[in-house]
Amino acid sequence: MKRVFQTDLAFAKEMDEKDPLKNIRDRFYVQPGEIYMDGNSLGLASKDAEKALLNMMDIWKKEGIKLWDGLFHYAGKLGELSAPLINAYPDEVVITGSTTINIHQCISTLYKPTRERYKILVDDLNFPTDRYAIDSQVRLKGYDPTDAIKVVNSTDGRLIDEAAVIEAMTDDVAIILLPTVLYRSSQILDMKRVTEAAHQRGILIGWDLCHAIGAIPMDFKDVAPDFAIWCTYKYLSAGPGSIAGLYMNRKHFNETPGLAGWWGNKDDTQFELKHEFEHQKDASGWQIGSPSFLAMAPLEGTLTIFNEVGMDKIRAKSLSITAFLMYLIDEKLAKYGYAVGNPREDSKRGGHVCLEHEEAYRICKALKEANIIPDFREPNVIRLAPIALYNTYEEVYTLVETLDEIASNKKYEKFSKQRTLVV
């Protein structure tokens, strides 16, 4: 899509005035004097999330244990509210656990190695927790990860070649786990193409949606992967440590969860307290322990916003504002050694821009001193996420002007290159 931008502040303000989502910003706690560009790591708090959390506190205060009468299926309710984000059937989605626990749950359920087919196919650019979980599951089955884990290596350290992934789908591969959007480079993988290739070869496949959910529209009724997992604290702004999401395709509802727990038991017999597990045959059957209502409630609030606005409008703004950022980088910052390290095509770019510079770490420090919150990733990436629901074009303009000043005056030189705990 061809977009026409200009480099001046007046143009940025004009874009904000025309923005159909401009009033949604008021529903978030945007801090005065600060430009927040890290919503791809932790989304800003919203007033809707706060209201939902305080409402949950009121229910607890007033009802005590009686709260279960109205909230027993709360995880399923949030699953129904989440399902439109990926266009899945409501009974295929449940809000439960954490990203890593849900990987363990899905792999332990679906990974059934045989002598001929025992390998798990992964990439070398995904977030480490996915690999930690996969390696653990392989060991639990008695295999050596150096043999049973098959890795598709990136040729440039930025992107995954989908053709290489498909070529690696040999007869010894049992299951695949890949990211939908790469956390470092913002590349979107073609889920439909890769999933169809896997299924044609009799291979199960799951997707990590952590950097995709709430950022890009997805259609799981069309793609039909076997499973998926995601966190809710990034684009979905459900709060630090908020409960994660799990998708299980209906065709696997008869599978017994690899990690069974009381909360996945059938409703009909749950309170009979039998010692024989009876699986609830929908996504809720993959729950393990009691839901954490106080960590779930903010998600209900933010999902209200997402379903009110719709993913198509969110994606349209996201593509426009990230394209504006890339345009300004090209026009104003390239001369200082800044470069865009993510795909530029709309169909292949997620919700954040990867700005590369040899002094990326110290530039991030300088940005924070200027009350702009970025995100650093090794070795040279400044991740910048102008979020459609609460960031403005004027903020993007100010961000680029600040990056210009930091580079032209070498303001980053006063900061140490020594990495701190949180980077």
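Is glutamate 162 buried or exposed, by its relative accessibility? Glutamate 162 counts as buried, at 8% relative accessibility; here buried stands for under 20% relative accessible area, exposed for over 50%, and partly exposed for what lies in between (1.4 Å probe, protein chains only).

## Basis of the report

The structure is a predicted model, in which local features need pLDDT of at least 70 and side-chain atom pairs count only at pLDDT 80 or more, while totals for chains, interfaces and linings use all residues. Residues are numbered from 1 along each chain as its sequence is written, and side-chain values use heavy atoms, with hydrogens and water left out.

## Two domains

The protein chain is assigned domain 1 (9-30 + 310-409) and domain 2 (49-308); such bounds come from an automatic or database domain assignment. Taken over C-alpha atoms, the centres of domain 1 and domain 2 are separated by 29 Å. To their contact (heavy atoms within 4.5 Å), domain 1 brings 30 residues and domain 2 brings 24 residues.

The size of an interface is often given as the accessible area lost when the parts come together. Between domain 1 and domain 2, about 2,200 Å² is buried, and carbon and sulfur atoms give 55% of this area. Buried area is the accessible area (1.4 Å probe) that two parts lose on being put together, summed over both. On the side of domain 1, Arg27, Met311 and His352 lose the most area to domain 2, and together they account for 24% of what that side buries.

## Contacts between the domains

The count of salt bridges between domain 1 and domain 2 is 3. A salt bridge is a side-chain nitrogen of Lys or Arg within 4 Å of a carboxyl oxygen of Asp or Glu. There are also 12 residue pairs in polar contact between domain 1 and domain 2 (both at pLDDT 80 or more). A polar contact is a pair of N or O atoms within 3.5 Å; within protein, one must be able to donate a hydrogen and the other to accept it, and residues adjacent in sequence count only if both atoms are side-chain atoms.

On the side of domain 1 that touches domain 2, at least two residues each come from helix 12 (311-333), strand 10 (353-356) and strand 13 (381-384). Helix 12 gives the most to this side, with 4 residues. Helices (H or I, at least four residues) and strands (E, at least two) are DSSP runs, numbered from the N terminus. Sorted by class, this side of domain 1 has 12 nonpolar, 8 polar and 10 charged residues. Ala, Val, Leu, Ile, Met, Phe, Trp, Tyr, Cys and Pro count as nonpolar, Asp, Glu, Lys and Arg as charged, and the others, Gly among them, as polar.

## Salt bridges

In the whole structure, a search finds 31 salt bridges. One of them joins the side chains of glutamate 308 and arginine 27, at 2.9 Å from N to O. Because glutamate 308 lies in helix 11 (residues 293-309) and arginine 27 in the loop between helix 1 (9-18) and strand 1, this pair ties together parts that are 281 residues apart in sequence. The side chains of arginine 158 and glutamate 356 also meet in a salt bridge, at 2.6 Å from N to O.

Glutamate 162 forms a salt bridge with arginine 193, and their closest N and O atoms are 3.4 Å apart. Glutamate 162 belongs to helix 8 (residues 162-167) and arginine 193 to helix 9 (residues 191-200), so the pair ties together parts that are 31 residues apart in sequence. Arginine 193 counts as partly exposed, at 39% relative accessibility.

A further salt bridge joins the side chains of lysine 332 and glutamate 401, at 2.7 Å from N to O. This pair links distant parts of the chain, with lysine 332 in helix 12 and glutamate 401 in helix 14 (residues 393-408), 69 residues apart. Lysine 332 counts as buried at 15% relative accessibility, whereas glutamate 401 counts as partly exposed at 32%.

## Two buried serines

Serine 46 lies in the loop between strand 1 (35-36) and helix 2 (47-63). Serine 46 is buried, with a relative accessible area of 1%. Apart from its neighbours within four places in sequence, serine 46 is in contact with Arg27, Phe28, Tyr29, Thr302 and Ile305.

Serine 318 is found in helix 12 and counts as buried at 6% relative accessibility. Beyond its neighbours within four places in sequence, serine 318 is in contact with Gly351 and Ala388.
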